[in-house]
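Welcome! Please take a look at the model below, and then let us walk through some of its details together.

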Amino acid sequence: MIIKLGKVISEYSVRNKADEDIPVYSVTNDKGFCTNYFSKDVSSKDRTTYKIVPYGYFAYNPSRINVGSVDWQHYEKKVIVSPLYVVFYVDEVIDQRYLLHYLKSDITLKFIKSNSAGSVRDNLKLSVLQEFSINLRTKEEQYKIVNILDKVDLLISLYTEKLEKFDELTKSLFIEMFGDPSMNPKGYPEKSLSEITEYWNGLIYKPEDVSNEGTIVLRSSNIRNATLDFEDIVRVSCKIGDKKYVQDNDILMCSRNGSARLVGKVALIKDIDEPMSFGAFMIIIRSPYYQYLMTYFQMPAFRAQITTGATTTINQITVRMLDSVKLPVPELDFINEFSDFIKPIDKSKLAVKKSLEELEILKKSLMQKYFA
């Protein structure tokens with residue numbers, strides 16, 4: 001039975017007026033409800049305006065729900081969230097997990113993006129969300145669907161963890177061969193990043209330049225697990241200078257993002273099938289030391305050098321900031337040995353990544369079946 005969400009969800013706007021000692025949570029797209037999202041302690045702030053989220057209730061960031069920042073609270077008896085959040089509860093005829101899968105499905109996220117409004121950031125009001133349609137199945141059917149989707153999500157999580165472990169193994173081999181770059185125990189000569197690389201910002205294009213038949217422009221969303229992901233691509237038809245095209249063995253770095261955690265993430269360009277450019281919020285780094293740098297950029301030594309420069313409001317890495325980065329640089333022959341050591345790891349990563357992509361295709365197919 002197809003119904004409007006407004007028939008099964010209602011707003012809950014109770015605030016912490018008594019200033020109770022209730023845990024402060026946030027909602028992110030990847031972790032859902034979490035307590036460690038903010039770097040600064042909010043305990044000193046006035047929390048009487050914060051909204052209470054009882055167990056089983058939903059909350060979302062109205063300017064971030066378009067990327068999936070929504071979750072149901074199943075951790076504590078009650079928590080509080082920012083006054084900017086929208087909090088709602090659901091009728092007992094719908095299972096919270098079923099509704100969450102619906103809200104985080106690509107189908108619904110497209111609806112959200114097309115129905116959001118705002119001058120600076122898209123913003124989705126609950127009244128608009130309540131107009132969305134959902135297939136209200138029996139509770140038994142909902143449970144079956146949830147169990148299937150949860151199992152697929154579990155497999156996706158396991159494969160993602162495998163990729164992370166391969167990355168950790170690569171970092172361990174790096175430390176074993178070269179030592180911790182922040183301490184440089186083997187006494188390699190320290191050089192500025194600009195001495196061993198070239199780097200520059202990406203292409204600036206206009207909305208009207210976007211074209212189905214144009215050149216792919218790589219963006220932050222195309223970096224996943226230190227490799228390129230082409231699930232979400234943008235093409236443009238406009239003039240592109242030679243330096244705005246990527247080459248094999250280039251390192252693509254995210255230079256600006258709404259999340260400081262994602263600034264600085266990198267992917268190695270390999271096996272290009274067609275000409276590709278890269279966007280304005282990206283930096284290309286070109287160097288014969290690319291394999292060494294790929295691992296270095298993912299280590300705390302690099303993060304420590306850029307974190308102090310990235311502002312909390314803009315969250316960016318500038319070319320000038322890269323100019324100030326210094327690192328120990330072994331001989332190129334030794335770096336090439338490191339590259340040979342990690343080739344089997346990279347091969348295994350590709351196999352796992354392929355399986356992960358197949359699982360995600362399966363999930364999209366199931367989502368289409370259940371929620372379209």
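Asp271 is exposed, at a relative accessible area of 63%, where exposed means over 50%, buried under 20% and partly exposed in between, using a 1.4 Å probe and protein chains only. Asp271 sits in the loop between strand S18 (266-268) and strand S19 (276-278); helices (H or I, at least four residues) and strands (E, at least two) are DSSP runs, numbered from the N terminus. The phi angle of Asp271 is near 50°, a positive value in a residue other than glycine.

Asp19 also has a positive phi, near 55°. Its place is the loop between strand S2 (9-11) and strand S3 (26-28), and with 44% relative accessibility Asp19 counts as partly exposed.

A word on the background: this is a predicted model, in which local features need pLDDT of at least 70 and side-chain atom pairs count only at pLDDT 80 or more, while totals for chains, interfaces and linings use all residues. Residues are numbered from 1 along each chain as its sequence is written, and side-chain values use heavy atoms, with hydrogens and water left out.

**Two helices side by side**

How do H4 and H9 pack? Their axes are 10 Å apart, at an angle of about 170°; axes are lines fitted to C-alpha atoms, for helices over the stretch in contact, and angles run from 0 to 180 degrees between N-to-C directions. H4 is therefore roughly antiparallel to H9, as angles over 145 degrees count as roughly antiparallel, under 35 as roughly parallel, 65 to 115 as roughly perpendicular and the rest as oblique. The contact of H4 with H9 involves 28 nonpolar, 4 polar and 8 charged residues. In this grouping Ala, Val, Leu, Ile, Met, Phe, Trp, Tyr, Cys and Pro are nonpolar, Asp, Glu, Lys and Arg are charged, and the others, Gly among them, are polar.

**Salt bridges**

The count comes to 16 salt bridges, each being a side-chain nitrogen of Lys or Arg within 4 Å of a carboxyl oxygen of Asp or Glu. Here are some of them.

| Pair | Closest N and O atoms |
|---|---|
| Lys363 and Asp153 | 2.7 Å |
| Glu360 and Arg224 | 2.3 Å |
| Lys343 and Asp340 | 3.4 Å |

Lys363 in helix H9 and Asp153 in helix H4 (residues 139-178) are 210 residues apart, so this pair links distant parts of the chain. Lys363 is partly exposed at 22%, and Asp153 is partly exposed at 24%.

By contrast, Lys343 and Asp340 are 3 residues apart in helix H9, which means about one helical turn separates them. Lys343 is exposed, at 53%, and Asp340 is partly exposed, at 47%. Elsewhere, a network of salt bridges links Asp106, Glu231 and Lys364.

**A cavity**

How many cavities of 30 Å³ or more does a search of the whole structure find? The search finds 1. On a 1 Å grid over the protein atoms alone, a cavity is a set of points where a 1.4 Å probe fits but cannot get out, and lining residues have an atom within 4 Å of a point. About 50 Å³ of space lies in this largest cavity, the volume being the space filled by probe spheres set on the points. Its lining includes Glu360 and Arg224. Helix H9 (residues 332-371) gives the largest share of the lining, 4 residues, and the lining divides into 2 nonpolar, 2 polar and 5 charged residues.

Terms used
On a 1 Å grid over the protein atoms alone, a cavity is a set of points where a 1.4 Å probe fits but cannot get out, and a pocket is an open set with protein on both sides within 12 Å along at least five of seven lines; lining residues have an atom within 4 Å of a point.
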